[in-house]
There are 2 protein chains.
Amino acid sequence: MITKDKKILIVGLGLMGGSYAAALTKAGFEVGAVTRSQHSIDFAIRNGIIRHGSIEIEAGYVGRFDIIVFSLYPKTFTEWIEKYQKFFKSGALITDVTGVKGPIVEKIQHILRPDVEFVAAHPMCGKEVSGVENASADIFIGANYIVTPTEHNTEEAIEDCETLGRILGCTTISRLTPEYHDEIIGFLSQLTHCIAVSLMNCKDSKDLVRFTGDSFRDLTRIARINDSMWSELFLLNKTELLKQMDLFASQFSRMRNAVENGDTNTLKEMMKISTERRNYFNKI
Amino acid sequence: MITKDKKILIVGLGLMGGSYAAALTKAGFEVGAVTRSQHSIDFAIRNGIIRHGSIEIEAGYVGRFDIIVFSLYPKTFTEWIEKYQKFFKSGALITDVTGVKGPIVEKIQHILRPDVEFVAAHPMCGKEVSGVENASADIFIGANYIVTPTEHNTEEAIEDCETLGRILGCTTISRLTPEYHDEIIGFLSQLTHCIAVSLMNCKDSKDLVRFTGDSFRDLTRIARINDSMWSELFLLNKTELLKQMDLFASQFSRMRNAVENGDTNTLKEMMKISTERRNYFNKI
């Protein structure tokens, strides 16, 4: 049960960690943070995002929290657990926001102390800017929230993790296997970022700004991207991402050939399908 | 000079024609329309978008107007000119909103009566819905407006056409050759529509709605597309569009290979370039 007396620690006070902290503080929880930069902690305290924080990882601080939310790069997250899990309060619930699940969930659950539990989660939201300075409690409102429990998790902990998603403001909470999560995120999120980055790499487009409509803007919004984090995420999900990239390339090539051959029927058929399917995604 | 006593005729009262009419009516002009559907005319009169309209193409009506704006599919536009240009008032200024220029501007200017002038234009805006029922005077506000004059045009008519763009609310007005227009529109608009349509054709994505973030939504907004109009536009701009599609495919393939080979350096480099370039496109 996520009662209001639970103390929540955010590890990694960037855009997502900061937004998570802001939303939980707003919901009335006592939220602390561990992060590398004193500046981020000072900013977050000054702006009412957290109540307190530390750049040191110490038993006396980490051990005070009932719920710990990791918002780190995947590899740093795994290393952190290996090195500092000894500081966790017994019975703590560990969760995260990491964008890949297959390669990290099993690994962490395998090495984790038996008296704490890790339920992995992924709030499907973000911003194309980084840092706690850009954090916002609002990014979760109406967003999708995916939980990827395994046989190592108890129903109670899974439900607590889902409750956290609802407290953040997420409206649709789903349970997926880590593998299926990585497949659909490979398609919905990683592939779309690959497309946006590739498109932006085609031309030195500075001069095109005065000619463009909103199509190009929309397709490239996410081309502003944290290169360290996303290259790590892409490579951790390599097999799945390659499948999704190849699937897209085959459809794009089909369209290219239809243009080359003046094949109006195929063009219209593809456009009719895209129009019909896109209607599913209209926000209500 | 575009004085307020000029009477303006819109030919083709769909989304773009209707929006054009709405913006000019709002600016104080007397705006009429010729279109195929009496229902569209009734709707537009009832909603103050036009003052009058006709489903018949007659000298008595068409000949009343000083400025005529064509908002038809490219082929229909050319046929219309061939068949009915005899009805134009002598000295009339003809303009349009057509999405390709190379194949139509020269053709129309070649067959056009010498006592009227056609200055081609392309307001870079739209909506992913169609019909005068969805028309809005606001779509032009802050948009880019491209004029593609040729040696057949007088400076006075070109300036009048640019003034029309400003009256609509467009802020950046550019003059391009029809050929360069088609190249950049092949990249900025047609290629992005090809990408969105291809992406939406990858999977029956109905079940993915509850997992998605905004990236997929943004990349596929324009996948809701008028298949008759866009397949015609694509094929009229085939050579240029194929060039742009191949350019994108080569960058996408570069990224795919970097993922396959675990080539973090290339991934990061592409992301750094995309981040830097995307900053140009932030709206001020």
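**View 1. The open sheet of chain A has three strands in the order β7-β8-β9, with mixed pairing.** Strands here are DSSP runs of E of at least two residues, numbered from the N terminus, and two strands pair if DSSP finds at least two bridges between them. In this predicted model, local features need pLDDT of at least 70, while side-chain atom pairs count only at pLDDT 80 or more. Residues are numbered from 1 along each chain as its sequence is written, and chains are lettered from A in the order in which they are written. The edge strands, β7 (121–123) and β9 (172–175) of chain A, each pair on one side only. Strand β8 (residues 144–147) of chain A runs parallel to β9(A) and is joined to it by four bridges, and A:Ile146 stands opposite A:Ser174 in β9(A).

**View 2. Helix α4 (residues 74–84) of chain B has buried residues, among them B:Phe77, B:Trp80 and B:Tyr84.** Buried means under 20% relative accessible area, with a 1.4 Å probe and protein chains only, and helices are DSSP runs of H or I of at least four residues. Seen down the axis of α4(B), the buried residues fall within an arc of 165 degrees, so they line one face of the helix; the arc is that of the directions from the helix axis to the C-beta atoms.

**View 3. Chain B can be laid on chain A by a turn of 180 degrees and a shift of 0.0 Å along the axis, with an RMSD of 0.0 Å.** The two copies, superposed by least squares on the C-alpha atoms of residues with pLDDT of at least 70 in both, are thus related as by a two-fold rotation axis. Of the residues of chain B, B:Leu219 comes closest to this rotation axis, at 2.3 Å (C-alpha).

Key. Side-chain values use heavy atoms; hydrogens and water are left out. Buried means under 20% relative accessible area, exposed over 50%, partly exposed in between (1.4 Å probe, protein chains only).
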